[in-house]
Amino acid sequence: MEQLLEYFGVITGLLYLLLEIRQHKAMWIVGFLTSLVYVFVFFFSKIYADMGLNIYYVAISIYGFWKWAQTDKTVQEERPAEETILYRHITWPLFAGIAFAILAIYALIYYVLHNYTDSPIPMGDAFTTSVGIVATWMLARRIIEHWIFWVIVNFVSVYLYYIRGLYPTLFLYLCYAILAIIGYITWKKKGINTNGNII
């Protein structure tokens, strides 16, 4: 059953990322299902911070769908019908806040994992979780640099899942890393930079 859930998560996870690259709102629904499945996959594998991260993903999928629906409604008359990708760039003050948030979340998660769980990879688990939390918030706000954060997280995750023997998930995150690079290029090439005015 656990392996079946993992394969289901891999399939929906790839679909999620393809929808994310195209900035299709359905990505949030698919992401909700993928995250729900991975809550159980990571629980059984004792990767507790990633399990918690997926609980967060379930919740932020609802927020992201609502946020994107609001943005699309606001700008539908201001852009060409065929142009569907909107983004904005991170600012230096926002980057400083994001860096601080990642460090604070990392420290808290590492402390809990190291002292109160039997996690075999507390440092790596805390890193991917803390960066993932912030990167998903950046995606909900359509900040294009979220793709760069995901490239780093996904390559680290490939190593972690190799250690834990989660080979289908390892393959998924390798695809995530490659598609995150493609996603950044696609948004940059085909998108409209709103400079934070409407999103």
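I searched the whole structure for aromatic pairs and found 14. Rings of Phe, Tyr and Trp (its six-membered ring) count as a pair if their centres lie within 6.5 Å; planes under 30 degrees apart are stacked, over 60 edge-to-face, and the rest tilted.

A note on what I am looking at: this is a predicted model, where local features need pLDDT of at least 70, side-chain atom pairs count only at pLDDT 80 or more, and totals for chains, interfaces and linings use all residues. Residues are numbered from 1 along each chain as its sequence is written, and side-chain values use heavy atoms, with hydrogens and water left out.

**Trp147 and Trp187**

I looked up this pair and found it edge-to-face, because the ring centres are 5.6 Å apart and the planes stand at 90 degrees. Trp147 belongs to helix α6 (residues 146–163) and Trp187 to helix α7 (residues 167–190), so the pair links parts of the chain 40 residues apart. Helices here are DSSP runs (H or I, at least four residues), numbered from the N terminus.

Buried or exposed? I checked Trp147. Trp147 is buried at 1% relative accessibility, and Trp187 is buried at 0%. Buried means under 20% relative accessible area, exposed over 50%, and partly exposed in between (1.4 Å probe, protein chains only).

**Tyr161 and Tyr173**

I found this pair edge-to-face too, with 5.0 Å between centres and 65 degrees between planes. Tyr161 sits in helix α6 and Tyr173 in helix α7, twelve residues apart. Tyr161 is buried at 1%, and Tyr173 is buried at 10%.

How values were computed
Helices (H or I, at least four residues) and strands (E, at least two) are DSSP runs, numbered from the N terminus.
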